[in-house]
Amino acid sequence: MTNLTQNKNIRNIAIIAHVDHGKTTLVDGMFKQSGLFREGQEVDDRLMDSMDLERERGITIAAKNCAVDWKGVKINIIDTPGHADFGGEVERSLSMADGAILLVDASEGPLPQTRFVLKKALEAGLKIIVVINKIDRGDARPDEVLDEVYDLFIDLDANEEQLEFPLLYAIGRDGIAQETLEEKGENLHPLMDLVLKEVPGPSYNEEEPFQMLVSDLGYSDYLGRLAIGKVIHGSAKQNEPLLCINEKEEHVSLRLTKIQTYDGLSFAETKSADPGDIVVVSGIEDITIGDTICTKEAPKALPRITVDEPTVSMRFTINTSPMAGLEGKLVQSSKIRERLHKETLLNVAVKVEESDEKDSFIVKGRGEFQLAILIETMRREGFELSVGRPEVIYKNEGGQKLEPMEQVFIDCEEDFLGVVTEKLSTRKGKMTNLVNNGKGRVRMEFSAPSRALIGYRDEFLTDTKGTGIMNSLFAGYEAYRGDFPSRYTGSLVSDRAGKGVPYAIFNLEPRGEMFIEPGDPVYEGMIVGEHNRDNDININPTKEKKLTNMRASGKDEAVILTPIRPMTLERAMHFIRDDELIEITPESIRLRKVELSASKRHMSRGKQLKAQGKK
């Protein structure tokens, strides 16, 4: 056994929590109480959620780092996303940590996404501190939640040492942590003291030369590509000649032009990278997540970060509609290819492959939510593109077709038990557990194919009148469970170009739900509504009322249209079929047929029916 030394001046902790359990608010409190800001300084809330999308949706998407100083010890805080679709972020962020704070809501208890990240943390052997947050909630049940946390640890095969976790109760919003429920906390000092006491300092071997694992990448207009990671052994100085060992085991020479460490939310320049610290180095051009930076004299690669395989793929292509190029700045396939390649460098869980079709790419990821976030980010950057329906990635083993499965956790009112069970059974879901605590709400667990959940989330919210909670967790691959209809309705497709007219839209409303308003531009092949029946029909949303010189006996009725639900990206992804696309521009989200011409669609439909008749 090699003799390891601990760096007592540093602690590296990850914060694990389900979406909305108060993780980012707790980190805000730690910032404010560690003396990071001067008295009276105006500070934004949710400092760690720096992306616009994170602030809007109230979720953490990208794992980020920061540091606070407490009693002369530097605590590097690594924020982890709470959503399983961003699992790639979780794995690389945990590679930098030596301990973790598990934050659990005192009412909701540990939820599935927490389970996903905690499983990864226990596998990595991290020291866990449990914090039960929001104990001031009216429906808080801290004792029962603590039992659920123990059950979760046992379920995840935690060892004896991990089961004896230190525990605190907190009200993150007020910046309070306390050791028991009875005492009245004043601040977060007990939490920060506990981190120093329980989380070990990063260990390193004094005899080993410098080694650093790249866990994250950044970019600076002044310094170029930035590599972020934890120094495992040894130390390195500025301008020292080093090596980078990449995925192909190639040795690439480099020189660190600048070394920075985290200081609060920003960086502070330092002359050397010390063992155990999380540093940001520049002076490297070709580097990817998982590479090792080491000395030229003793090149030695560290184990690479491994990431679970992607389960969902989508086709990205250029926008070919008649309105292409009118709203976006970046429309060429070369620009889209470049942007997708950049995403694979920064996000280990995303893979991009060239497609057989011209100007088209297959993008693979952890779930449709992760791909929706990528598309939303691209449209905000000025891209214009078309994407197809999310499809699950199948596997073939021993001649058997396998598909990805999800463990689905549902919490809803008892009245909706029947409709939820029926819908999921139709989609080949199997109920594995049902808990009714007699308080009007039930908890259900299902094993369902991943494809069953594409398009079901919106339906679920409608069925449970917005009161149901659904979470899912990837549960590996199983035998294909058979086909089921993904949508029972057809599309209302415009048969000509023009602008939506109130008279036409009003007369089309009995046919189904409309997606356009008067004045919206339409073109041939654009989907302008959802048909009540299961077939597509071509319609004319630009038809105007014929005017005559005869005066009507009564006055013309003013047309009152039903308000439309705005088309969101997630709703569009759930709605479209295989022969449909979503047209995405910085200003609009439109739905369209892959083949815009009504006559060509009619001909191909005829050929399909003929072929089916011959069978």
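## Salt bridges in the predicted model

A search of the whole structure finds 31 salt bridges, a salt bridge being a side-chain nitrogen of Lys or Arg within 4 Å of a carboxyl oxygen of Asp or Glu. This is a predicted model, in which local features need pLDDT of at least 70 and side-chain atom pairs count only at pLDDT 80 or more, while totals for chains, interfaces and linings use all residues. Residues are numbered from 1 along each chain as its sequence is written, and side-chain values use heavy atoms, with hydrogens and water left out.

Lys71 forms a salt bridge with Asp193, with the closest N and O atoms 2.9 Å apart. This pair links distant parts of the chain, 122 residues apart: Lys71 lies in the loop between strand 3 (65-70) and strand 4 (73-79), and Asp193 in helix 7 (residues 189-198). Helices (H or I, at least four residues) and strands (E, at least two) are DSSP runs, numbered from the N terminus.

Lys423 and Asp463 also meet in a salt bridge through their side chains (2.8 Å, N to O). Lys423 belongs to helix 10 (residues 417-426) and Asp463 to helix 12 (residues 456-463), 40 residues apart.

## Exposure of the partners

Buried means under 20% relative accessible area, exposed over 50%, and partly exposed in between (1.4 Å probe, protein chains only). Lys71 is exposed because its relative accessible area is 59%, whereas Asp193, at 30%, counts as partly exposed. Lys423 is partly exposed at 24%, and Asp463 is buried at 17%.
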